[in-house]
Amino acid sequence: MAKGRNLLEVQRRLIEEILPIKEISSEATKERTVTNLVTLHTWWARKPLSSSRATAYAALVPYTIGDESDLSRKMYVSSLANWHSPYDKDILSKAKKEILESNHYKAPKILDPFSGGGSIPLEALRLGCDTYASDYNPVSVMMLKCTLEYPQKFGNIQAASSDNYNSLKYSENRNNPLSSEVKKWGDWVLSEAMHDIGGFYNQGDSELLPVGYVWARTIKCQNPMCGKEIYLVRNYWLAKKKDRDIVLYPSISAKSITFRIIDTKTEKLPDGFDPSRGTISKAVVTCLICGSKIDGKTTALLFRQGRCSQKMIAILLQKRGKSGKIYRVVTEKDVICYNNAHEYLQQKKEKLMEEWGIDPVPDEPTPKGKGRGAERAFAVRNYGLNTWGELFNSRQKLALVIFVDKVRKAYDRMLEENYNVEYATAIVSYLALAIDRLAEFNSTLCILHVNGGRGVNSTFVRQTLPMVWNYTESNPFNPFGAGWPTACEKCTKWIESASMTSGVSATVSQCSATSLPYPDNYFDAVFTDPPYYDNVPYSHLADFFYVWLKRSIGHLYPDLFSTPLSPKSMEVVAYSNMAGGWEAGKLFFENLLRKSFTEISRILKPNGIALIVYAHKSTAGWETLINSLLESGLVVTAAWPISTEMKARLRAADSAALASSIYIVTRKMRKEKTGFYREVKEELKRYLNLRLDKLWNDGIAGADFFISAVGSSIEVYGRYEKIIDDEGNTIRADRFLEIVRTIVTDYAVHKILRNGFAEEISKLTRFYILWRWSYGESNVLFDDARKLAQSVGIDLIKEWNEKDGLIMKEKEFIKVLGPEDRKIKDYEKVENWTRSEMIDILHIALLIWKKGRKDLLVKLLGKNSLGNNDIFYRVAQAISESLPNMSREKKLLEGFLAGKEKISEVISGSLYQRKLFD
């Protein structure tokens, strides 16, 4: 393997010197709320197109001094990140031209070995690169083909040679023939399916179209004196609107429960009825008839034993050609219609099993949902839903099976009409992805979207498979929402968008990143977003789609769909349910990640650049990544945090999950043999001070600031094969990072206090300030909390769970308590308070202020000489500014700080205490 070049021999790229991270972050988070690649197919932790485009450009063009100012370069990169830049020929042309010029007028070869949802290679393709994309998961590979290969090959007729189209069949619209063909055959499938099973949805009313069916799972009350059926509902909302609410009201009698619909615009809710309180919460069930409760373990056991059922309760309808929904309770006719669908499913299953040689309803097992990592998110097995087919009711299964059958028949019809085989395969691939969308929005894990929208939430509102008690079944023929027409429309719109990226398709393949099928020194750059430990259990989630793709187009892609479920043996994810538990899973991940980086280093040209996106919230995960990079021969040359997540996402609500992804720039370089600790440490301080100023001035804060600083510091550490101290001991990465954390901590405290006297405050107060600034009020993994405490000289173990203390440990998490959460007794007896910690006194002051005892407040602060101490108020102000607006602690601090001048005056003796706050 050829060695990389020395650092001094390599021309720096734009991304190694400047990057407008504020502007890119703004566009990236905005993109999450507008139409993008997710409209084609769900994939998890997909990176935004805007940040992928801007960072790819910045990694491919050189940083030059004198040609253009840093400001103008930043402005251009910002414009490239803008959501409309793919439609601006001038902006894109300039980017393509500069990339070509920087690579001797030859399109640079770019690889993404963890392509996933395809954002990164799509933007490389848009920038004119010779793009290669691969992934280990077959579902991902199918999406990549439909994003990077088929649109460019068959959709962009103007960019391709006419010879490529001589043997292909096209619809009349030749502007985008692939899009037209997908629409044509999508309409054919719809018509055929409607003829076959449409009667199981339409009730004969030509004006009203059923768009959703509300169901509840049921179990019997375990009270021997009752035994009545309990409808398991989380809440009774059908719609929550500005001017009215629509609820499902349970009428309780001694024998049973019946339902009626109440529209609060015309009828008042009965006294004492709260629609938000259903019969089940965290699997604990309450019987409405007798009041008995069933604990969560018993609920799960009843489901596993099959002692459960489900009942249709209500139907959502929509007038054709009009907006707004109509709600009604289920009738006997509705139940008969469903039962007929159930019987027809049994007939179709037997017939199609003979034709396909496989059970048309997926009988492959769902994930076990065991362990300590992300795989715990699969709760369905705990309730007896042991196969993927069991995540659908009979009518949902029938619909999916029929649409699969019609898509297979569409392919046969195309060949009969002499379509080119590859072209026909491309067309039905999009139809297969449309079936995936039907499944995603029509499983028994879909809940009603009561605040508006198109009726139901996706199965994957979060990257989990939780148990859902009351769900909503969609009508697959619904043209307004979660039906086949919308699924096909999403595909055709994406084809039209993706066709504009390039006239040349990418090279898409299925392989593990640990063994790449390319020669040494082959690629100019690698841009990739590897998995983060156990953050996303990709293969287990993807199996939801894999089982349907295997049935719809598996025979067309035998190499991709030959296994019962998606392959997992070489998946670079940490799972704890393997032999050896979490530690074995962690080691497995780290080894495979190291192999992947070694492969990236091998196939990268000596002057090449690798951009690796990382977003794991734990510092342990970050350090593993750094160590893996260093051992692979790659050296970090820059690190930038870019916000890629919506602030209000569900996962971030209670945890310290990073709002940013860290874009790590690495090079394949020759290292210096040995560095001497004293010299490297001084070099690190000089370098870090410059980098920290840049990060601070760019508005990077909290956990992102620490992670980015650590990433930047590795450029210094990574230049050497070995660093030794005066006694000849090797300085390992973990010790080096401790030094970095201390430097960053000192810098951050001074900045947070606005260049205040950080050395005058105690270690515990420093810790509290940094915690609030870094994590707010979130729970944090112990190891991350320990490292933050260690950087300010605190032994976390000695501090937690102290009587009336502020640091609490619960399982593997640490929580730092605010004044109202601490169990401080007799805090109004100021004369007995002996602690001198500034943060303790501040918390006592806030509690006394809340009580309105201004006399005690003056007494407390006078006794501790803090009433006139500027640092004390700076600490209070810094904590307040670090907390969100809704924080109770922030509100206390703001109120307290509003009266600080008068407190100071009273303590100074310039006012009488009785005049305080007059």
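**Figure 1. Lysine 282 in the loop between strands E8 and E9.** At 81% relative accessibility, lysine 282 counts as exposed; a residue is called exposed over 50% relative accessible area, buried under 20%, and partly exposed in between, with a 1.4 Å probe and protein chains only. The model shown is predicted, so local features need pLDDT of at least 70 and side-chain atom pairs count only at pLDDT 80 or more, while totals for chains, interfaces and linings use all residues. Residues are numbered from 1 along each chain as its sequence is written, and side-chain values use heavy atoms, with hydrogens and water left out. Lysine 282 is not a glycine, yet its phi is positive, near 55°. Helices (H or I, at least four residues) and strands (E, at least two) are DSSP runs numbered from the N terminus.

**Figure 2. The open sheet E8-E9-E10.** Three strands with antiparallel pairing make up this sheet; two strands pair if DSSP finds at least two bridges between them. Strand E8 (280-281) and strand E10 (293-294) are the edge strands, since each pairs on one side only. E8 is joined to strand E9 (residues 284-286) by 2 bridges. Within this pair, serine 281 stands opposite valine 284 of E9.

**Figure 3. Tyrosine 105 in the loop between helix H4 and strand E1.** Helix H4 covers residues 89-102 and strand E1 covers 109-112. Tyrosine 105 has a positive phi, near 60°, although it is a residue other than glycine. With a relative accessible area of 63%, tyrosine 105 is exposed.

**Figure 4. Helix H7 and the helices that cover it.** Helix H7 (residues 177-197) has 21 residues and reaches 30 Å from its first C-alpha to its last, close to the 30 Å expected at 1.5 Å a residue. The expected span is 1.5 Å times one less than the number of residues. Among the buried residues of H7 are Val182, Trp185, Trp188 and Val189. An α-helix has 3.6 residues a turn, so residues three or four places apart point the same way. The cover over the buried residues of H7 includes helix H6 (138-155), helix H9 (332-356), helix H10 (394-416), helix H11 (421-440) and helix H12 (484-498).

**Figure 5. Cysteine 488 and its nearest cysteine sulfur.** A disulfide is a pair of cysteine sulfur atoms within 2.5 Å. By this rule the model has 0 disulfides. Cysteine 488 is in no disulfide, as the nearest cysteine sulfur, that of cysteine 491, is 6.2 Å away. Cysteine 488 counts as buried, at 9% relative accessibility. Cysteine 511 is likewise buried, at 11%.

Figure 6. Helix H19 (residues 763-775) has 13 residues and reaches 18 Å from its first C-alpha to its last, close to the expected 18 Å. Because 12 of its 13 residues are buried, H19 is largely enclosed by the rest of the structure. Just after H19, glycine 776 takes a positive phi of about 65°. Beyond its neighbours within four places in sequence, phenylalanine 767 is in contact (heavy atoms within 4.5 Å) with Ala785, Leu788, Ala789, Val792, Ile794, Leu796, Ile807 and Val816.

**Figure 7. The hairpin of strands E22 and E23.** Strand E22 (residues 807-810) and strand E23 (residues 813-816) pair in the antiparallel sense over 4 bridges. Isoleucine 807 has valine 816 of E23 as its bridge partner. Between the two strands lie 2 residues, and lysine 811 in this turn has a positive phi of about 55°.

**Figure 8. The largest nonpolar core.** A nonpolar core is a set of buried Ala, Val, Leu, Ile, Met, Phe, Trp, Tyr and Cys residues joined through side-chain atoms within 4.5 Å. The largest has 154 residues, and those with the most contacts inside it are Tyr57, Phe767, Leu842, Leu861 and Phe896. Helix H18 (residues 733-752) gives the most to this core, with 11 residues. A second, separate core of 118 residues includes Trp43, Leu352, Val404 and Ala426.

**Figure 9. Leucine 893 in helix H25.** Helix H25 spans residues 888-898. Leucine 893 is buried, with a relative accessible area of 0%. Leaving aside its neighbours within four places in sequence, leucine 893 is in contact with Leu842, Leu846, Ala876, Ile879, Ser880 and Leu883. Leucine 893 and isoleucine 879 lie 14 residues apart in sequence and 8.2 Å apart in space, C-alpha to C-alpha.
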